[in-house]
There are 2 protein chains.
Amino acid sequence: MIYIDKTSKTSLYEQVYEQLMEQIKTGQMPAGSKLVPTRTMAAELAVGRNTVDKAYQQLKDEGYVEAVPGSGFVVNELPYLPESHGSDSRKGPERQKKQTYEYDFVYGSMENKLFPYRKWGSCMKEALLRLENGDIAVYPEKDGEMRLREAICSHLKQARNVDCSPEQILITCGHQFSMEIIANIFSDGGARTGVSFVMEDPGYDGIRKVFMNRNFEVSAIPVEEDGIDIRPLKGKHVDLLYLTPSHQFPSGAVLSAGKRMQLLNWAQETGSYILEDDYDSELRYYTNPIPSMQSMDNGGRIIYTGTFSKSLSPGMRLAYIVFPPDLMQRYHDFYYRYNGQVNIILQQTLAVYIEKGYFEQQVNRIRTAYRRKMRALITALEDVFGEDVRIQGGKAGMHLLVEFFLQQSGEFLTQEELIDRASDCGIRLYSTRPLYWDQKLCPPQQVLMGISTIPEDKMHEICLRLRKAFR
Amino acid sequence: MIYIDKTSKTSLYEQVYEQLMEQIKTGQMPAGSKLVPTRTMAAELAVGRNTVDKAYQQLKDEGYVEAVPGSGFVVNELPYLPESHGSDSRKGPERQKKQTYEYDFVYGSMENKLFPYRKWGSCMKEALLRLENGDIAVYPEKDGEMRLREAICSHLKQARNVDCSPEQILITCGHQFSMEIIANIFSDGGARTGVSFVMEDPGYDGIRKVFMNRNFEVSAIPVEEDGIDIRPLKGKHVDLLYLTPSHQFPSGAVLSAGKRMQLLNWAQETGSYILEDDYDSELRYYTNPIPSMQSMDNGGRIIYTGTFSKSLSPGMRLAYIVFPPDLMQRYHDFYYRYNGQVNIILQQTLAVYIEKGYFEQQVNRIRTAYRRKMRALITALEDVFGEDVRIQGGKAGMHLLVEFFLQQSGEFLTQEELIDRASDCGIRLYSTRPLYWDQKLCPPQQVLMGISTIPEDKMHEICLRLRKAFR
């Protein structure tokens, strides 16, 4: 029985989370028992489904429960949660104490010095001047400033083989808000229930959260070495299949050409749409970027999305969607009374920046910097840890998946122990657990290391420090 | 029977719209007959509810049908739609031919020269410099940059008596996206159906559209001279009551102090929330701005929203919500995996701009400019049209409601005729019909005139031209 105190200062989700965790830890809910379905629990407690969902998600992220297809959430055996660490791992993202780290292997941020201050500043100035002689004091064009859409269109054509007109491009205020728009279109603003959303396992949990929040029927299919396992999809209609074909997040797999063709045929036959998230496609270090799936699609089944967070800055908050024409129409139908999302000066600045060729230069600059960081980290890991480390990734993107095999009284240190020990010496590593839908797939010694904020010449020193901490 | 051709280039909603309009015009659907409910029609045609909804809305906006509480959409008597104008009024917003107007009385845009180019440019530069020495290459703080939230907080305290902490303020990419966030929180992302949303009649149709899109149960209550009629609310719980208390849009009414108190008590007693849209509160020309309702609220029942579209530029795409603490928690619960919406340079620029006192200066500048425009237009209208014009508004805001009483073969020119004739001489006036929930409330000779883009010294000339066109 869970008791909710609505007058308490503790948030509702925390109350649910803490009581369930207590029941699991004390054995009141033994391994194998099922959590009450979200909807039922929400109704029983008279709280929002999101509240319960968030509590369940956190229990899942922390490994207390796992999602079992067809059974909902099931309580885990808890070998990897020794009591002594209970109080740490109990802390949710909001409650974590503000610890400062000397080195933070966060995914997605970048080094300040890689932002092109001077060039961006001069483009801002030029955009402002141009607007002074044009129109600043109006609402931006609803789908995005045409000049920016044209610039993005020709960039995508050249860099990613994307075949579209500027009219198919929509400018949004970030990738997750691109997803919100797609969620609105596919669920008719929430009126259509049970819309199916299938993603890769492991996959980006921020996207999963958006579609769970919007009450989609979310499920996941394991990723193999050449991308998602396509057999479970055979003959089955899916409203939206979310893929990261060029560089699967986080596994780094590239979806093979054969699977791409089969998936495009499947989408055509079953009337499914594929959401191609091309989030970091330009960061491929030793071969040319893989062409987009969109470029192979003749049937209008691909929704292509991209962002400027990786190449320019996550502070940009500027992303885009390339819709097939029929979905652009559905977008217009839904959003016909809405204004645009992105500041007009920012849009014009980015247009100038791309037109002048600065963006291409910036991508090259970032690519070079990250290739060097990546190589330095891999070399350092191998030098320092030798046989005790297994590395996944490195040819592309901004992160590695790293497994450390270091024993402590006969057992390997767990993910949580590795992260805690690194933290104690000022280094922040990240759990991969939230990225797994099926918790059994998560390798118990695996951590995620984002390279983008770490200086190249510190990699060796960091690995030595980690080695010491892990002993 | 309506027939949909999904392969046609004509959009689905247009097909529905055109066939229904034809049936109404030919008398197949006589006055008084009801349209099939949206949901049923959508299911019959196998199209989205939004498609049908958009077609119905357009028929309503154009006066073919009206919304009758309890009956849905009912076909109107059509005295004001003479056949000769049928082909014009048939055109939806998207299909209207690109006519350029010499003078456009659009609501919401502003004159280019009123944007503070130099000061904004210098603040951008300062913000960029500051970020160079700080953090640009990170995701912005999720709820908005603290520095900007602090600046807005002290501005609101001083200008609008708003009583809040910076932690209650959320930065968004525009007013409609503020509304989307509120819609997600109140409907649990769409899982909760039948959430009630009550607004003023007339009222801003862009807001109505957001909540209809998100499947809220939308209804409206007529506005009286001292604001919304509060009797229908007595003892009744409403999830969200949307109000524009300081300057009702579009009627210009100010919600009386007595009604404010009663509404706050009502909200407290019934557990309802009031959404206070303070969109143009600073533009009051002859008296001090009316304090916000938020400042009178002790029970945490007010969600206060504002925007920088009116005082700075609609191209800004920057707005904010002040949540009561419990709703801020619900916001965090729903959005805990989302990033912020607004570019970090833009947020920091605006923070600098407010801190330096420039924003206050800008508000004063805009207020002076608009007061002069407003006075010039009213004087010109009265001089030129004398007894034939009735004006509503003028003491605040950016628009007037104007009724022209000009006869043509014994009958007054209708709203549509006035707009068409003005258009023929290069002047754009706006229909108020979309703003009315109950079409019967819409005065048949009323048009909306936004003053913000029209030069003060042109008002007299424009009125003379209109006079000629209306003869």
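**Hairpin, sheets and the interface of chains A and B**

In chain A, strands S1(A) and S2(A) form a hairpin in which 3 residues lie between the two strands, and Gly70(A), located in the turn, has a positive phi of about 90°. The model described here is predicted. Strand S1, residues 65-68, and strand S2, residues 72-75, are paired in the antiparallel sense through 4 bridges. Within this pairing, Val68(A) is placed opposite Gly72(A) of S2(A).

Chain A also contains an open sheet of 8 strands with mixed pairing, arranged in the order S4-S11-S10-S9-S8-S5-S6-S7. Strand S9 (residues 273-277) and strand S10 (residues 302-307) of chain A run parallel and are joined by 4 bridges. Here Glu276(A) is found opposite Tyr304(A) in S10(A).

Glu403(A) has Gln446(A) in S18(A) as its bridge partner.

The relation between the two chains was examined by superposition. Chain A is superposed on chain B by a rotation of 180° with a shift of 0.1 Å along the axis, giving an RMSD of 0.1 Å. This relation is that of a two-fold axis. The same surface serves both copies, as 100% of the contact residues of chain A recur in chain B. Among the residues of chain A, Gly190(A) comes closest to the rotation axis, with its C-alpha at 2.1 Å.

The interface itself involves 70 residues of chain A in contact with 70 residues of chain B. The size of an interface is often expressed as the accessible area that is lost when the parts come together. Between them, chain A and chain B bury about 6100 Å², of which 52% is on carbon and sulfur atoms. On the side of chain A, the residues that lose the most area to chain B are Tyr336(A), Arg337(A) and Tyr338(A), which together account for 12% of what that side buries.

Polar and charged interactions also link the two chains. The count of salt bridges between chain A and chain B is 6. In one salt bridge, the side chain of Glu132(A) meets that of Arg118(B), with an N to O distance of 3.0 Å. Across the interface of chain A and chain B, 37 residue pairs are in polar contact, with both residues at pLDDT 80 or more. The elements that contribute two or more residues to the side of chain A touching chain B are helices H3 (49-61), H5 (117-132), H7 (175-187), H8 (205-213), H10 (325-335) and H11 (344-355) of chain A. H5(A) provides the largest share of this side, namely 8 residues. By residue class, the side of chain A that touches chain B comprises 27 nonpolar, 27 polar and 16 charged residues.

Methods:
Residues are numbered from 1 along each chain as its sequence is written. Chains are lettered from A and ligands numbered from 1 in the order in which they are written. Side-chain values use heavy atoms; hydrogens and water are left out. Contact means heavy atoms within 4.5 Å. Buried area is the accessible area (1.4 Å probe) that two parts lose on being put together, summed over both. A salt bridge is a side-chain nitrogen of Lys or Arg within 4 Å of a carboxyl oxygen of Asp or Glu. A polar contact is a pair of N or O atoms within 3.5 Å; within protein, one must be able to donate a hydrogen and the other to accept it, and residues adjacent in sequence count only if both atoms are side-chain atoms. Ala, Val, Leu, Ile, Met, Phe, Trp, Tyr, Cys and Pro count as nonpolar, Asp, Glu, Lys and Arg as charged, and the others, Gly among them, as polar. Copies are superposed by least squares on the C-alpha atoms of residues with pLDDT of at least 70 in both. Two strands pair if DSSP finds at least two bridges between them.
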